[in-house]
Amino acid sequence: MRPDTPADHITEAERLLRTAGQYPEDHEPLFLQAAAHLELAGERARASTLYDELLASTDFPLENPHRVKALKASNLWEYGHEAEARAIIDGIRAAGPLDAAPWEIAAETLEAHDELEAAHDFFSTALTLLLAPGEEVPYATESLLIGRHRVRRLMGVAHDAWDELADTLHTAAVPLDELHDPKRLWALGSSDPGELQAEINRLRAELGTYRSALSRPFPVAVLHWPEDELRELLTAYPGLSQEYVSHEDHLARLEAALRDLHAAGTPNLGIVTGTVPSYEAFAASEAASPSDPDLLPQYATTLAARGRAVPWPPARSAACWCGSERPYRSCHGAD
């Protein structure tokens, strides 16, 4: 049953925090979920404490510290700490993270507080950084285009090329211009049954879009081993050497497999990164031997189900998925 009351949300947050204690390698997504429940319960100070704990943690590096900072800023602004929230948002902009999530969270925070010009600037800056001209729009970046379209509609400015691209990507029956029409809310106060029915139809279409996004299946995920982890894996379980000829071959095979799946029309592709301790713990939970190659795809699927998948392909200007810290376009994204 979904939590409905503040007490339910607090109970769920505490359950997630206990789970994080059992699975410290997953503490980041579990802490973020717990913080979200605390915010819904009105416990915003406690939520901020969780964000601070994540940012101060040295046991496990954060996968996306800028996302945590953006969520912290959004939460702080909601309970009266506007100056601190603005400082964090300014820091995110200065850092220029190559990930859509912190940009979107920060922009929507500004939008929610009627800072439309600043929100528009944040969306536009993010798209300039993350989206190369002519490239296929990564799924995570689509929401930046949609958000920017919404803010520009509120500002009453004319469509530009990015707005047209957002219109193209939007597949719901009701066009974005209608969904983002500032006058839509006026219809809710109308006594005209026709206007009310039209608004109900638009809201149903919007809800359908959100449900579709939320019900997307777990990514079709491939398993990536960093070089040190692969060396440790093959030292401990030499029988898996038939699966992995070399680290370079492993990386090339991953990219080739993902491109083949993409060409075949497979949606929602992702990459999960394995570690030997995590793999051994998974094997123990399955009462199986880590040397069994059939366990590898199950491990990848489990990591994806736990929110560990990174969407593929990344933006060509983003860091490559292989960990080289080179832009994807000049690493494994090179044609």
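Glu325 lies in the segment after strand 3, where helices (H or I, at least four residues) and strands (E, at least two) are DSSP runs numbered from the N terminus. The phi angle of Glu325 is near 70 degrees, a positive value in a residue other than glycine. Glu325 is exposed, with a relative accessible area of 71%; exposed means over 50% relative accessible area, buried means under 20%, and partly exposed covers the range in between (1.4 Å probe, protein chains only).

The model is predicted, so that local features need pLDDT of at least 70 and side-chain atom pairs count only at pLDDT 80 or more, while totals for chains, interfaces and linings use all residues. Residues are numbered from 1 along each chain as its sequence is written, and side-chain values use heavy atoms, with hydrogens and water left out.

Ala287 is placed in the loop between helix 14 (276–285) and helix 15 (295–305). With a relative accessible area of 74%, Ala287 is exposed. Most residues other than glycine have a negative phi, and most peptide bonds are trans. A cis peptide bond joins Trp312 and Pro313, with omega about 0 degrees. Pro313 is found in the segment after strand 3.

The secondary structure of the protein chain comes to 15 helices and three strands. The radius of gyration is 22 Å, close to the 20 Å that the globule rule gives for 335 residues, so the protein chain is as compact as a globular protein of that length. This radius is taken over C-alpha atoms, and the globule rule is 2.2 Å times the number of residues to the power 0.38. Along the principal axes, the C-alpha trace spans about 70 × 50 × 40 Å.

Buried residues make up 38% of the 335 residues in the protein chain. Of the contacts (heavy atoms within 4.5 Å) with a separation of 6 or more, 58% are between residues 24 or more positions apart. The protein chain exposes about 17,800 Å², of which carbon and sulfur atoms supply 54%; accessible areas come from the Shrake-Rupley method with a 1.4 Å probe, and for residues only the protein chains shown count as cover. The protein chain has 28 positive and 54 negative charges, and their mean positions are 3 Å apart. Lys and Arg count as positive and Asp and Glu as negative, whereas His and the chain ends are not counted. The place of a charge is taken as NZ of Lys, CZ of Arg, CG of Asp or CD of Glu.

The three strands form an open sheet in the order 1-2-3, with mixed pairing. The edge strands are strand 1 and strand 3, each of which pairs on one side only; two strands pair if DSSP finds at least two bridges between them. Strand 1 (residues 220–224) and strand 2 run parallel and are joined by five bridges. Within this pairing, Ala221 has Gly270 of strand 2 as its bridge partner. Strand 2 and strand 3 (residues 310–311) pair in the antiparallel sense over two bridges. Here Gly270 stands opposite Pro311, and Ile271 has Val310 as its bridge partner. Four of the five residues of strand 2 (residues 269–273) are buried, so strand 2 is largely enclosed by the rest of the structure. In a regular strand the side chains alternate between the two faces of the sheet.

Two further residues were examined for their surroundings. Ala70 lies in helix 4 (residues 65–78) and is buried, with a relative accessible area of 1%. Leaving aside neighbours within four places in sequence, Ala70 is in contact with Ile92, Pro102, Ile105 and Ala106. The C-alpha atoms of Ala70 and Gln242 are separated by 43 Å, and these residues are 172 residues apart along the chain.

Leu62 lies in the loop between helix 3 (44–56) and helix 4. At 18% relative accessibility, Leu62 counts as buried. Apart from neighbours within four places in sequence, Leu62 is in contact with His27, Glu28, Leu54, Leu55 and Val68. Leu62 and Ala36 are 26 residues apart in sequence, and their C-alpha atoms are 17 Å apart in space.
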